Amino acid sequence: MKTMKTIVSMQKEFFKHGTGLRPMILKDIAERISMDISTVSRVVNGKYVQTGFGVFELKYFFSEGLETESGDQVSSREVKKVLQGIIDNENKQKPLSDQALTNLLKKKGYKVARRTVSKYRESLQVPVARLRKQII
């Protein structure tokens, strides 16, 4: 219960609106509830929570973060969601390179390196630009 209450308190925006997942690691929870990281890991492993926005594994709420241009912290999952949106809406005859994707994310206020964009693209199982090209 302590763990779940702490997750909810740290991810209020997500539980209210279904978006705005903030970066959070096991250590954050462990420190707040005065338990060891391994204990928190065992507690969240294989557990799920039902929300108004669907059922999520507790591990879903743990992710590394990135800093935005304004200095705010944003979850890597949020950046991946924005990246997926850009790729979904790109010109299929001229798909964007990783560098072009990086530039667009920077324009949107996300501080990311090209290598990070490449890593996120791969984790989303999106091929490189030349393999996404569609010929009509």
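Biologist: How do helix α5 and helix α6 pack, at what angle and with their axes how far apart?

Modeller: Two packed helices are described by the angle between their axes and the distance between the axes. Here helix α5 (residues 76–88) and helix α6 (residues 98–107) pack at about 120°, and their axes are 11 Å apart. Helices are DSSP runs of H or I with at least four residues, strands are runs of E with at least two, and both are numbered from the N terminus. The axes are lines fitted to C-alpha atoms, for helices over the stretch in contact, and angles run from 0 to 180 degrees between N-to-C directions. This is a predicted model, in which local features need pLDDT of at least 70 and side-chain atom pairs count only at pLDDT 80 or more, while totals for chains, interfaces and linings use all residues. Residues are numbered from 1 along each chain as its sequence is written, and side-chain values use heavy atoms, with hydrogens and water left out.

Biologist: Which word describes how α5 and α6 lie to each other?

Modeller: Angles under 35 degrees count as roughly parallel, over 145 as roughly antiparallel, 65 to 115 as roughly perpendicular and the rest as oblique. α5 and α6 are therefore oblique to each other.

Biologist: Which residues of α5 and α6 meet?

Modeller: Contact means heavy atoms within 4.5 Å. From α5, Val 79, Val 82, Leu 83, Ile 86 and Ile 87 meet Leu 101, Leu 104 and Leu 105 of α6. By class, this contact has eight nonpolar residues, no polar and no charged ones. Nonpolar covers Ala, Val, Leu, Ile, Met, Phe, Trp, Tyr, Cys and Pro; Asp, Glu, Lys and Arg count as charged, and the others, Gly among them, as polar.

Biologist: Which residues of α1 are buried?

Modeller: Buried means under 20% relative accessible area, exposed over 50%, and partly exposed in between, with a 1.4 Å probe and protein chains only. In α1, Thr 3, Thr 6, Ile 7 and Met 10 are buried. Seen down the axis, they fall within an arc of 100°, so they line one face of the helix. The arc is that of the directions from the helix axis to the C-beta atoms. These buried residues of α1 pack against α2 (12–17), α3 and α4. Thr 3 has 6% relative accessibility, and touches Ile 29, Ile 33, Val 40, Val 43 and Val 44, not counting residues up to four places away in sequence.

Biologist: Which residues does α3 bury, and which exposed residues are on the face turned away?

Modeller: Helix α3 (residues 26–33) has Ile 29, Ala 30 and Ile 33 as its buried residues. They cover an arc of only 100° around the axis, which puts them on the same side of α3. Exposed Glu 31 and Arg 32 are on the face turned away from that buried side. Cover for the buried residues of α3 includes α1 and α4 (37–44).

Biologist: Is Leu 66 buried or exposed?

Modeller: At 17% relative accessibility, Leu 66 counts as buried. Leu 66 lies in strand β3 (residues 65–67). Not counting residues up to four places away in sequence, the residues Leu 66 touches include Val 79, Val 112 and Tyr 120. The C-alpha atoms of Leu 66 and Pro 23 are separated by 7.9 Å, and the two residues are 43 residues apart along the chain.
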